[in-house]
Amino acid sequence: MEGLQNALNDRGLTVTILPEKGRSLFTTRNFHPGEEIISQEPYVCVPNNSTVESRCDRCFASINLKKCSACKVSWYCSSTCQKSEWKLHRLECDALARLDKDRHKSVTPSIRLIIKLFIRRKLQSEKVIPTTATDNYKLVEALIDHMSGIDEKQLVLYAQMGTLVNLILQWPEMNVKEIARHFSKLACNAHTICDSELRPLGTGLYPVISIINHSCLPNAVLVFEGRSAVVRAVQHIPAGAEVSISYIETAGSTMTRQKALKENYLFTCTCSQCVKDQEDEIKESAILEGYRCKNDQCDGFLLRNSDDTGFTCQQCGLVRNKEEIQNIASQIKSISDEASTSMFHQNCGEALFMYEKLEELQKILCHPYSISLMQTREKLLKISMELENWTKALLYCKLTISVYQIREMTRFNVSSWALVTQPFYEYELGKLARICWMKGKHGELYSGIHPLLGLQFYTCGKLEWLLGYTEDAVKSYTKAFDILRITHGTNSSFMKDLLLKLEEARAEASYKHSSMEDE
Ligand SMILES: [Zn+2]
Ligand SMILES: [Zn+2]
Ligand SMILES: [Zn+2]
Ligand SMILES: [Zn+2]
């Protein structure tokens, strides 16, 4: 590990062992918001190829693809990409080419990832592929595997997958138990590789990035540039602080987040966001996952009555009875099933109709900041874009932005719910943007730097531009840029494209302005 420590020291970082978390990444100097903390190429990675979509094994591009003629499993966009992967693919290619045709279907991305991992380990130990301080199997070996924590069913599955890997590789020195341990290791440590708009493209193992622990209130963010993983500070990080990123979607209530972390990463989070008093926790889940007040002018949250006959608004005291709630909830359940069926069959027209019906019902049942209402609106945004109904898409985009902002702000300070628990949510973006600049629990000024919020502003800007609302587009693109330059840096082609769009919108706005003055 000495080599790794030296490499990290040069970057102003160090690995410290914490009794409750194990290896953790700490800073030894200040990092400013938007600054790159660390980046890493994957030890191994594989695109999420399926029968409907394929990507280049090297760069994840999806155009000009050609299948490897020998194994007929991997795809490449160019001979450059094929050549640079060849050392690694050669052994995999031989193994896959030996395999029966009808077994090709079972070679899933996770099977390929583990095969590539063993091949890379072998090639590095034979010095066919060079090793460096941040690129060697010892770093993979040091990753936690949580083998003792996984259940019987999962173990059986890993053993079956291990048998298949053995059948493909045919290396006598490998045993199923060792392969299973590596599957478990990948399950806790591999990262989903996403494009700039956070759409998943594949999976990769980044052993140095994996040292970074989770927080539900992280000070850094992980994004991908092609296949390299880049961690950037989203706030000022002083020297001597732990670097943290979020492993999960942080929108859920504490209970939901804890469940997701336990199930997927086998640990209990003790970040400041998770360790709050019970009263705040109850309030939080009542808002994010609970019901709305009977009075539609009131945004209070509801708690279950002690006699279990209904739920009482904590703001105005109105009671909603249990039967009424159960009745709407069961309607929501059946419509939501129908909606996902039409989505599954890619029947966008019908899906739009069903999700709008669902939204109407959820508006009656759920708290205005509820996660399920938010998810429905995100779907409605996606479907409206698919149907090129820009007006409708813009409406849903703005609705989700408002809730994103509220959530980002209140994640820092639950008591500030009171501040925003007022009828706000019909498009008061300007006002919301202002309240987002407020002091968080620890006194730091927080500006709602979350890549999802930036991307939503980006979509909003694109829609406003399409609809000819040039000045609004300038405002939205500017907000998108302000957030995304922190999370995504400014060098990627995505960010260059965003800047071009912003400049184009600005030029058009000033042209419109001057021609109005001429009249
Ligand atoms: Zn490529
Ligand atoms: Zn091949
Ligand atoms: Zn937490
Ligand atoms: Zn009320």
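Here is a short walk through this structure, which is a predicted model.

S1 spans residues 13–18 and S2 spans residues 22–27, and the two pair in the antiparallel sense over 6 bridges. Together S1 and S2 make a hairpin, with 3 residues between them. To see one of the pairings, find Leu-18 and look across to S2, where its bridge partner is Gly-22. While you are looking at strands, keep a handy rule in mind: in a regular strand, side chains alternate between the two faces of the sheet.

Now step back to the whole chain. The domain assignment gives domain 1 as residues 42–192 and domain 2 as residues 276–399. Between the C-alpha centres of domain 1 and domain 2 there are 42 Å. A UniProt annotation from an unreviewed entry, "domain: SET", covers residues 11–248. Over residues 11–248 the chain is 31% helix and 21% strand, and the end C-alpha atoms are 26 Å apart.

Let's finish with a helix, H10, which runs through residues 348–365. Its 18 residues reach 25 Å from the first C-alpha to the last, close to the 26 Å expected at 1.5 Å a residue. Which residues of H10 are buried? They are Ala-351, Leu-352, Met-354, Tyr-355, Leu-358, Gln-362 and Leu-365. An α-helix has 3.6 residues a turn, so residues three or four places apart point the same way. And what do the buried residues of H10 pack against? Their partners are helix H9 (322–344) and helix H11 (371–386).

Methods: Residues numbered from 1 in each chain as written. Chains lettered and ligands numbered in written order. Predicted model: local features only at pLDDT ≥ 70, side-chain atom pairs only at ≥ 80, totals over all residues. Pairing = 2+ DSSP bridges. Helix = DSSP H or I, 4+ residues; strand = E, 2+ residues; numbered from the N terminus. Domains from an automatic or database assignment. Expected span 1.5 Å × (residues − 1). Buried ≥ 20, exposed ≤ 12 C-beta atoms within 10 Å, placed from the backbone. Contact = placed C-beta atoms within 7 Å. UniProt positions renumbered as here; feature names shortened; annotations may be inferred.
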